[in-house]
Amino acid sequence: MNSQITTTSSHTKQLVTMALMTAVLCILAPLSIPIPVSPVPISLTNLVLYIGIYILGTHRLLGSYIVYLLLGICGLPVFSGFSGGLGKLAGPTGGYLAGFLFLILISGFFMSRSEGRFRLALQAFGLILGSAAMYLFGTMWLCFQMHLSFVDGLFVGVIPYLPGDTVKIVLALIVGPLLQKRLARFLIQQ
């Protein structure tokens, strides 16, 4: 009986953590800075997801992000610029919202296999490769929507964001393991 209570408590804590991550996405993702050279604003969505990989792992973060997407599709203003609705996914930035799924899956794959001497390098590689996949998917959709060549799409939807995303990745590599350690204690405590 005691192990059943412990298991239920653990599942409850995991669900609460997932819900909190969804809430953090809903609060921080709409905060964005439009830039004049692109319809894609600078947002904190990828930073939340980078850190979320550490906290929740792949599957739970994927679940949290899908709930976030569904809330936005239903019309809640949780996407960049406090927008929502299916039109946002169909618009020029929709490919990046879908591309975040690839970021989670790829980054999570490398996070779950990062151990030993090369742990930090594998984590950094996973975040970079996941970001590259997100950018590829997002840029292809942006090019389709705006009738741009792929090179023009890179200059509109990728190049302006690389310095900021580099800072976000470094920040996640520093903060992520600390939060992971703290929250692991919370999730394990009886």
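A word on classes before we start: Ala, Val, Leu, Ile, Met, Phe, Trp, Tyr, Cys and Pro count as nonpolar, Asp, Glu, Lys and Arg as charged, and the others, Gly among them, as polar. With that in hand, the lining of the second largest pocket splits into 13 nonpolar, seven polar and three charged residues. Keep in mind that this is a predicted model.

Stay at that pocket for a moment. Select V40, P41, S43, Y96 and F100: of the 23 lining residues, these lie nearest the centre. The volume is about 300 Å³.

Next, the largest pocket, which holds about 360 Å³ of space. Pick I53, Y54, L56, G57 and Q180, the closest to its centre among 20 lining residues. Here α2, α4, α5 and α7 each give at least two residues to the lining, and α2 has the largest share, with eight. By class, the lining has nine nonpolar, eight polar and three charged residues.

Now go to the largest nonpolar core. Show L49, L61, Y65, Y68, L97, I104 and L127, which touch the most other members of this 40-residue set. Two or more core residues come from each of α1 (2-28), α2 (45-73), α4 (94-112), α5 (119-146) and α7 (162-188). The top contributor is α2, with 14 residues.

Last stop: centre on L49. Which residues is L49 in contact with, leaving aside neighbours within four places in sequence? Select L25, L61, Y65, F100, L103 and I104 to see them.

Conventions. Residues are numbered from 1 along each chain as its sequence is written. This is a predicted model: local features need pLDDT of at least 70, side-chain atom pairs count only at pLDDT 80 or more; totals for chains, interfaces and linings use all residues. Side-chain values use heavy atoms; hydrogens and water are left out. A nonpolar core is a set of buried Ala, Val, Leu, Ile, Met, Phe, Trp, Tyr and Cys residues joined through side-chain atoms within 4.5 Å. Buried means under 20% relative accessible area, exposed over 50%, partly exposed in between (1.4 Å probe, protein chains only). Helices (H or I, at least four residues) and strands (E, at least two) are DSSP runs, numbered from the N terminus. Contact means heavy atoms within 4.5 Å. On a 1 Å grid over the protein atoms alone, a cavity is a set of points where a 1.4 Å probe fits but cannot get out, and a pocket is an open set with protein on both sides within 12 Å along at least five of seven lines; lining residues have an atom within 4 Å of a point. Grid points are joined across faces, edges and corners, and a volume is the space filled by probe spheres set on the points.
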